[in-house]
Amino acid sequence: MPTIVAESLHVLDAPPITLPLTAASPRAVAAALAGAALPPEAVDPAPAWLLEAQVRSYRRILHAIRRFGGAMLAEPVGTGKTYIALAVAGAHGGCATCIVPAALARQWREVARRLGVPVTISSHERASRGVLPAADGLVIVDESHHYRNPSTRRYRHLARWLIGREALLLTATPVVNRLGDLTAQLALALPDDALAAAGTPSLAGLAHARSMPASISLVVHAAGIHEARPRAAHRIVRPPASPDLLPQVEGLVLSRHPAIAGLVRGVLLRALASSPAAFAASLRRYRLLLLQAADAARAGLAPGRAALRHWAGELPEQTVLWELLGEDGDVELSSDDLAPIERMIRSLDPLQEHPDAKASALADMVRDGSPTLVFSTSRDTTRWLRRWITPAPAWCTGDAAGVGHVRMPRDAVLGMFAPAPARRGMPPVLLATDVAAEGLDLQEARRVVHYDLPWTPARLEQREGRARRLGGSHAEIEVVAFEPDAALEAAIRQVALLETKRALGPRARIAGHAVDVWNRAIERARASSAVAGAIAVADSRPEAGALAGFTLYAEDPGEPEGTVLLWIPRTGAETDDGARLATQLELASSAPAAPAAPSAAERRWLEARITPIAQRMLAAAHRSRLGADPTVPTRSVVRRVAALGRHAARLRNDRMLGAVDRAMRVLMRGHTAGEAALIRELDAAPEPELLATLGRLPRRRRPDHLSVRLTGVIVFRSTSAPLP
């Protein structure tokens, strides 16, 4: 009898899929497709303190954590993510660990105490130092967009610590600069193949996708409570800047290295756009850096990247050229700039004795007494504005807070703009840097002023969200943005870059709450009476095609492993783009209710397309689990473990063979970011440590066999381009 080795095995092709014979109305089939694709919900009763609009988020997130081990709640700012997360923690059981910005620790502790949910509070700052608490319950990571960069220390520490722990990520801005922001955050809590059975073999692969698949709604919940949020009226102000300073900055040499010169010039110009005080302070710090560089040069040294970072100070989010500089090494700066910089500093002294056009415009604006939040990017600008705003404004920066010239506790100052304070006698204006823009309730404000534009739309949303919290008392919030004048904007392109980054929203299908759009579309479609396993025909303009639902089942009947909806165009590849699927569902839901059967030619076209799609889906799901494309370090570890398995087989060592089998099962599946980092380190570990560590990694249920069934099909006809 011949021996069949494991390397000769392969996944069997899916049997041909037979099209449904039952014809139904497009509405009925759309309802069946929507019901199958709708994210599942836990049946746990919701706490009484959750609003009715928050209950669905609570149940979907709870189900996702139980099934996948992690989830993201990407609700808009002000919709009560803290309360939803604590409700999930209460249902999860045990003492939840909340990793939050240090500025929000007290708020989280107080809300959890009031709701009776046991929590341990730690901070992002402690995570950066690798100081994380012991934890057995759910982990809640607030403002998780701070963990969008895997190269940071805080990300690496948290990723390793989260191995084997279930986690809920909270953020209003899952995509800040690029789609990889979202996938990096998800990798903290979810293995890369978490959605393989839902048609998405690799979460990491979504970083380069043109759009997010509808399956992402299984682990990212973004159903915003839009009706409860006040509207915002936007106004643009463009005060003129000093016409003499811009050419002087552009005339500086700065560095022979183009990336360094661009970085330094960008920081100086953004300080110029902020205020005379911020520009003068930036010049003085840069002059000191040049003097230190000159002293270092005489000693045969040169300033490094860390020195440049220290000089940039409050603007790390805006120093977009860091990636062009080496991690280490010298930073060449031109000492020829010392003289012109000193001349600029002297010329700024008289300018600081009077408000500039920008400060005067703000002072005139806030004289109406309307409670106003004014956000800037610089502490120097906050101090500058305190001189010109009357009556004395409240203020809050990263290191202090107060009213006028009097320092006060930060919580007391922010409390003046919290819900329902006694407004009589309170300052009408709060000047703040972005330290006050995350997680705080400042909803007594009726106006939000972007005195300085930030570098990302995410920051704009966070600022405005402070005054648009759920349950805010005002029907309308005015939003005012101070934009650079034409000459300065041409140099720094800040408005243009914000518009470019806003375009990431539609591409990501996350920003703008497009996951919510998808969920709402399938909710509306599900409202009709459903007929499962049927076929329907609807008219479509301008493109013909088919909307098909595929449900993957394990060998053992029960809850489906996942349902995939696909738009199959007349020509070209199928797509699972959530926006396109939502459009087709809407068309089907509004189509005439009478059932109609496809023609024989249309059925032949469908049969030729559907079976190959099902085969590719099965192959992708199995390939993800079998680790056909592991990372290079994983491949090296696999070879070592396989060699140990052969050695154990020769020795007939059943115990060692069992350890090898457990290790291979771990290696051949998708991994979280922390697991992947651990496996990379294990490549150099001794053999006993290698097997023991792999054996302790979490085990996840993976069905050995999957089958595909057709949930329903809607054929869309077009008179201009028929299907066959």
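A residue counts as buried when its relative accessible area is under 20%, and as exposed when that area is over 50%. The model described here is predicted. Buried residues make up 54% of the 724 residues in the protein chain.

The protein chain contains 26 helices and 18 strands. Of the contacts between residues at least 6 apart in sequence, 77% join residues at least 24 apart. The paragraphs below go through some individual places in the chain.

The two residues named at the start also form a pair. A pair of aromatic rings is described by the distance of the centres and the angle of the planes. The structure holds three aromatic pairs. In one of them, the ring centres of Trp-384 and Trp-388 are 5.4 Å apart and the planes stand at 75°; planes over 60 degrees apart count as edge-to-face, so this pair is edge-to-face. Trp-384 is buried, because its relative accessible area of 2% is under 20%. Trp-388, at 19% relative accessibility, also counts as buried. Trp-567 and Phe-716 make another edge-to-face pair, with 5.7 Å from centre to centre and 65° between the planes. Trp-567 belongs to strand β17 (residues 562-569) and Phe-716 to strand β18 (residues 706-717), so this pair ties together parts that are 149 residues apart in sequence.

The N-terminal end of α14 is capped by Ser-378, which has a side-chain oxygen 3.1 Å from the backbone nitrogen of Asp-380.

Another serine, Ser-376, sits in the loop between β8 (372-375) and α14. Ser-376 is buried, with a relative accessible area of 2%. Its side chain makes a polar contact with the side chain of Thr-382, at 3.1 Å. Leaving aside residues up to four places away in sequence, Ser-376 touches Thr-381 and Thr-382, and also Ala-432, Thr-433, Asp-434, Asp-452 and Arg-463.

Is His-234 buried or exposed? His-234 is exposed, because its relative accessible area of 57% is over 50%. This histidine is located in strand β7 (residues 231-237). The C-alpha atoms of His-234 and Val-479 are separated by 4.7 Å, although the two residues are 245 residues apart along the chain. With residues up to four places away in sequence not counted, His-234 touches Glu-464 and Val-479.

The axes of helix α1 (residues 26-37) and helix α21 (residues 578-589) come within 7 Å and cross at roughly 140°. Angles over 145 degrees count as roughly antiparallel and those from 65 to 115 as roughly perpendicular; α1 and α21 are therefore oblique to each other. On the side of α1 the contact is made by Pro-26, Arg-27 and Ala-30, and on the side of α21 by Leu-585, Ala-588 and Ser-589. These residues divide into four nonpolar, one polar and one charged.

Definitions and conventions. Residues numbered from 1 in each chain as written. Predicted model: local features only at pLDDT ≥ 70, side-chain atom pairs only at ≥ 80, totals over all residues. Heavy atoms only, no water. Axes fitted to C-alpha atoms, helices over the stretch in contact; angles between N-to-C directions. Helix = DSSP H or I, 4+ residues; strand = E, 2+ residues; numbered from the N terminus. Parallel < 35°, antiparallel > 145°, perpendicular 65-115°, else oblique. Contact = heavy atoms within 4.5 Å. Nonpolar A, V, L, I, M, F, W, Y, C, P; charged D, E, K, R; others polar. Polar contact = N/O pair within 3.5 Å; in protein donor to acceptor, adjacent residues only side chain to side chain. Phe/Tyr/Trp six-rings, centres within 6.5 Å; stacked < 30°, edge-to-face > 60°. Buried < 20%, exposed > 50% of the residue type's maximum accessible area, 1.4 Å probe, protein only.
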